[in-house]
Amino acid sequence: MKTIPRRFGSVATALVMLALTLAIPSQGADKRAITEMDLFKFVWIADPQISPDGSQVAFVRVWVNQKADRYETALWIVSTNGGSPRPLTSGPRDGSPQWSPNGKTLAFARAAEKEGRPQPPQIYLLSFDAGEAQPVTDTPRGIGPFDWSPDGKTIAFVATDEGTKETPNPEAAEAKAKEPEHVSPEHVSPEHVSDVRVITKAIYRSNGPGYINPKSRSHIWTVSVAGSLAGSSETPKPKQLTKGNFNEANIAWSPDGSRIYFVANRAPEPYYEPPRTDLYSIAADGSDERKVLSFDGGMGAYTLSNDAKRIAFGGSQTHKP
């Protein structure tokens with residue numbers, strides 16, 4: 001499945017192994033051994049995507065910005081018959097290219113820069129007919145994986161909301177009522193504002209993003225791109241399809257475009273239970289949610305047959321002792 005942002009840790013590991021291999025002294029006296037500084041000169045490709053007619057490949061060009069200590073990315077394209085690749089975007093944070101069904105437009109994720117700082121990634125459209133890439137989303141926390149509808153008029157994507165209110169717990173409300181009254185934060189001087197963080201979940205922090213917002217969830221949205229494809233400069237308004245206390249991910253359209261499939265585990269704290277994955281589908285207008293299957297294990301990429309009656313997927317089955 002298609003995901004963003006891209007991580008290149010495995011590639012970096014491969015480069016280190018390559019460096020160790022090439023560091024062995026060669027027989028030729030005119031050749032020097034590779035050094036760790038040479039790794040900053042490496043350029044490679046990622047996420048190649050073949051056009052619907054099979055004539056071209058769009059891919060992500062990855063290089064290292066040594067001064068900023070980060071990877072930078074841009075979109076390039078090359079003919080499947082050979083020839084020299086050419087740039088589509090200048091980067092430095094463009095990725096996840098996806099061809100429209102008719103092959104005339106490329107959707108991709110871009111984390112633009114504002115006041116010297118990268119912003120949350122948004123979906124952009126690049127038309128091969130003419131013009132610059134145009135944004136079609138402006139979500140506060142950025143977008144995750146996305147997918148074109150079969151008719152090319154809509155893009156479904158995963159995005160994190162601002163903090164969905166969890167279903168009220170009657171016992172918690174009763175306990176809260178017995179607590180002594182506290183002074184509201186706006187009436188407390190800055191030197192008395194507490195910086196204590198109350199942790200109520202076993203998993204509360206991840207490497208990179210930092211502390212996890214327990215009230216924030218990833219849900220499914222759709223956005224119409226018909227206006228953008230017609231040349232409108234206005235950013236369309238996305239429509240939220242799923243809500244609630246649980247995360248949804250791994251989205252895919254049905255072949256006829258009537259439904260969107262997604263993966264979810266709707267256990268409050270799934271890390272306390274054996275791995276399990278549920279596959280759901282929902283109508284393109286956000287109605288008629290259905291559970292399609294339950295799998296005792298971790299479910300990976302999946303694909304639907306042309307008639308949507310069969311599903312092939314990869315996963316790791318849970319073995320109970």
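Trainee: What should I know before I start?

Mentor: This is a predicted model, where local features need pLDDT of at least 70, side-chain atom pairs count only at pLDDT 80 or more, and totals for chains, interfaces and linings use all residues. Residues are numbered from 1 along each chain as its sequence is written, and side-chain values use heavy atoms, with hydrogens and water left out.

Trainee: What is the strand order in the open sheet of four strands?

Mentor: The order is β11-β12-β15-β16, and the pairing is antiparallel. Strands here are DSSP runs of E with at least two residues, numbered from the N terminus. Two strands pair if DSSP finds at least two bridges between them.

Trainee: Which strands stand at the edges?

Mentor: β11 (143-148) and β16 (239-240) do; each has a single partner strand, so one side of each is left without a neighbour in the sheet.

Trainee: And how many bridges are there between β12 and β15?

Mentor: Seven bridges join β12 (residues 154-160) to β15 (residues 218-224), in the antiparallel sense. Across that pairing, Phe157 stands opposite Trp221 in β15.

Trainee: What actually holds strands together?

Mentor: Strands of a sheet pair through backbone hydrogen bonds, either parallel or antiparallel.

Trainee: Switching to β6. Is it mostly covered or uncovered?

Mentor: Strand β6 (residues 105-110) is mostly covered, with six of its six residues buried. Buried means under 20% relative accessible area, exposed means over 50%, and partly exposed is in between (1.4 Å probe, protein chains only).

Trainee: Which residues are on which side of β6?

Mentor: Thr105, Ala107 and Ala109 are on one side, with Leu106, Phe108 and Arg110 on the other, and all are buried. In a regular strand the side chains alternate between the two faces of the sheet.

Trainee: Which strands does β6 pair with?

Mentor: Strand β5 (residues 94-99) runs antiparallel to β6 and is joined to β6 by four bridges. There, Trp99 stands opposite Leu106 in β6. β6 also pairs with strand β9 (residues 122-127) in the antiparallel sense, over six bridges, and Arg110 stands opposite Gln122 in β9.

Trainee: What sits in the hairpin of β5 and β6?

Mentor: The hairpin has five residues between the strands, and Gly103 takes a positive phi near 75 degrees.

Trainee: New topic. How many salt bridges does the structure hold?

Mentor: Eleven salt bridges. A salt bridge is a side-chain nitrogen of Lys or Arg within 4 Å of a carboxyl oxygen of Asp or Glu.

Trainee: Which residues are linked in a network of salt bridges?

Mentor: Arg32, Asp38 and Lys41 are. For Asp38 and Lys41, the closest N and O atoms are 3.9 Å apart. Asp38 counts as buried because its relative accessibility is 10%, whereas Lys41, at 63%, counts as exposed.

Trainee: What does Asp288 do?

Mentor: Asp288 forms a salt bridge with Arg259, with the closest N and O atoms 3.1 Å apart. This pair links distant parts of the chain, 29 residues apart: Asp288 is in the loop between β19 (277-283) and β20 (290-295), and Arg259 is in strand β18 (residues 259-264). Asp288 also meets Arg290 in a salt bridge of 2.7 Å, N to O.

Trainee: Now rings. How many aromatic pairs does the structure hold?

Mentor: It holds eight aromatic pairs. In one of them, the rings of Trp44 and Tyr71 have centres 5.8 Å apart and planes at 80 degrees, so the pair is edge-to-face. Rings of Phe, Tyr and Trp (its six-membered ring) pair if their centres lie within 6.5 Å; planes under 30 degrees apart count as stacked, over 60 as edge-to-face and the rest as tilted.

Trainee: Last one. Which residue lies over the face of Tyr211?

Mentor: Arg197 does, at 3.9 Å from the ring centre. The charged end of Arg205 also sits over the ring of Tyr211, 5.4 Å from its centre. A charge sits over a ring if NZ of Lys or CZ of Arg is within 6 Å of the ring centre and within 35 degrees of the ring normal.
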